[in-house]
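Dear colleague,

Please read the notes with the coordinates open.

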Amino acid sequence: MKTIRWGILGAGHIAGKWALDLAHVEDATLQAVWARNPAKAAEFGKSFGANRVANSVQDLLAEGDLDAVYVATPHGRHHEDALACLEAGIPVLCEKAFALDSRQALEMIECARTRKVFLMEALWTRFLPSFLEGKRLLEEKAVGQYLSITTDFGFAAPYAPQSRLWDPQMGGGALLDIGLYPLFFARELFGPFAEFKVEWIRAPNGVDRRIQVRGRHLGGARSDSLATFDENTSCRSVIEGTLGTLTFERMFHTQTDLVLTNSQGVSKRIEAIHQGHGYQYETAHVGNCLRHGLLESPIWPLSSTLEQMEFLDAIRQAMT
Ligand SMILES: NC(=O)c1ccc[n+]([C@@H]2O[C@H](COP(=O)([O-])OP(=O)(O)OC[C@H]3O[C@@H](n4cnc5c(N)ncnc54)[C@H](OP(=O)(O)O)[C@@H]3O)[C@@H](O)[C@H]2O)c1
């Protein structure tokens, strides 16, 4: 399997960015696309040079010409779409949020393991050079011992209950759409939480329009993670330590600059590599995993996805 022939489920915002970034992935091609609106699927297929446009999910999977499928439908569809692919024996890269809850996530993972088919959450940030560099600097104690991490992700999204951002059936709400990024930073860089508190504001239909999770990690450091649809925020992540500060600049979860400031206030900027949108790194990783016959990623394994989904469940349980 030299060239990975990709299929895509969904032809919306993120599918377009991901498909553009395929140009930066060696030995990968767009084979087929399906979306619920046939006209949009056809337009997408034409724009990105797909070899075929499928009439249904089953039609997409039935031809035997796919090495992997990228699931880019809203979160409320991920469980159903990923299971359809896995049951057909086709490896899956599934957008975040991976599922609506950990129960769905576990079913997807168990299906992949039972059928011995590759599955990975498309947590693209984990593969970005800027994230990897920041993680490396922190592990090398560039800021000394960790004291705190403060991350915000907010944009003003008008309340529109029919849109996937707000629709509870599709996993609407700030936590699953954007809150998982600040929480991913907190857990990936500082380790598990020892305790946390949640403050949130409800939209008229009950979903979370703003959510803030403040906690203490097992190592003793603190984190403050904010996600909101109510306002544009700085969208930065600031890690303070005993010897200085590391900032992931706006937008912290993308290909972004890092600023390392020492305790004398002297700063050094580490500029990001800007190539494509940055989705090519996760996609190339999946290709390499498949070529090596792996059933999950050694970098973002299914256990990490499940732990994150369980933590998101715990946060929702704490939302009273
Ligand atoms: N990794 C990232 O940086 C990133 C960024 C944005 C989004 N995402 C994730 O990607 C997923 C899609 O987000 P998006 O912004 O691309 O959404 P989007 O623009 O609304 O596109 C979603 C696609 O799924 C289709 N769709 C919507 N509801 C559906 C349903 N009930 N059944 C079947 N298909 C349906 C849409 O069709 P229509 O066009 O007909 O509505 C469209 O083809 C979400 O899970 C989101 O969290 C990830």
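This is a predicted model: local features need pLDDT of at least 70, side-chain atom pairs count only at pLDDT 80 or more; totals for chains, interfaces and linings use all residues.

Residues are numbered from 1 along each chain as its sequence is written, and side-chain values use heavy atoms, with hydrogens and water left out.

One of these pairs is K2 with D27, whose closest N and O atoms are 3.2 Å apart. Because K2 sits in the segment before strand 1 (4-9) and D27 in the loop between helix 1 (13-21) and strand 2 (28-34), the pair ties together parts that are 25 residues apart in sequence; helices (H or I, at least four residues) and strands (E, at least two) are DSSP runs, numbered from the N terminus. As for accessibility, buried means under 20% relative accessible area, exposed over 50%, and partly exposed in between, with a 1.4 Å probe and protein chains only. On that scale K2 is exposed at 59%, while D27 is partly exposed at 28%.

A second pair is R5 with D67, where the closest N and O atoms are 3.0 Å apart. Here the link is between distant parts of the chain, with R5 in strand 1 and D67 in the loop between helix 3 (57-62) and strand 4 (68-71), 62 residues apart. R5 is partly exposed, at 30% relative accessible area, but D67 is buried at 10%.

E249 and R269 also form a salt bridge, with their closest N and O atoms 3.0 Å apart. Since E249 belongs to the loop between strand 12 (244-248) and strand 13 (258-262) and R269 to strand 14 (residues 267-270), this pair ties together parts that are 20 residues apart in sequence. E249 is buried, at 15% relative accessibility, and R269 is partly exposed, at 45%.

Turning to the cysteines, a search of the whole structure finds zero disulfides, a disulfide being a pair of cysteine sulfur atoms within 2.5 Å. For C94, the nearest cysteine sulfur is that of C85, 8.9 Å away, and C94 is buried with a relative accessible area of 0%. For C289, the nearest cysteine sulfur is that of C94, 16 Å away, and C289 is likewise buried, at 2%.

Notes: A salt bridge is a side-chain nitrogen of Lys or Arg within 4 Å of a carboxyl oxygen of Asp or Glu.
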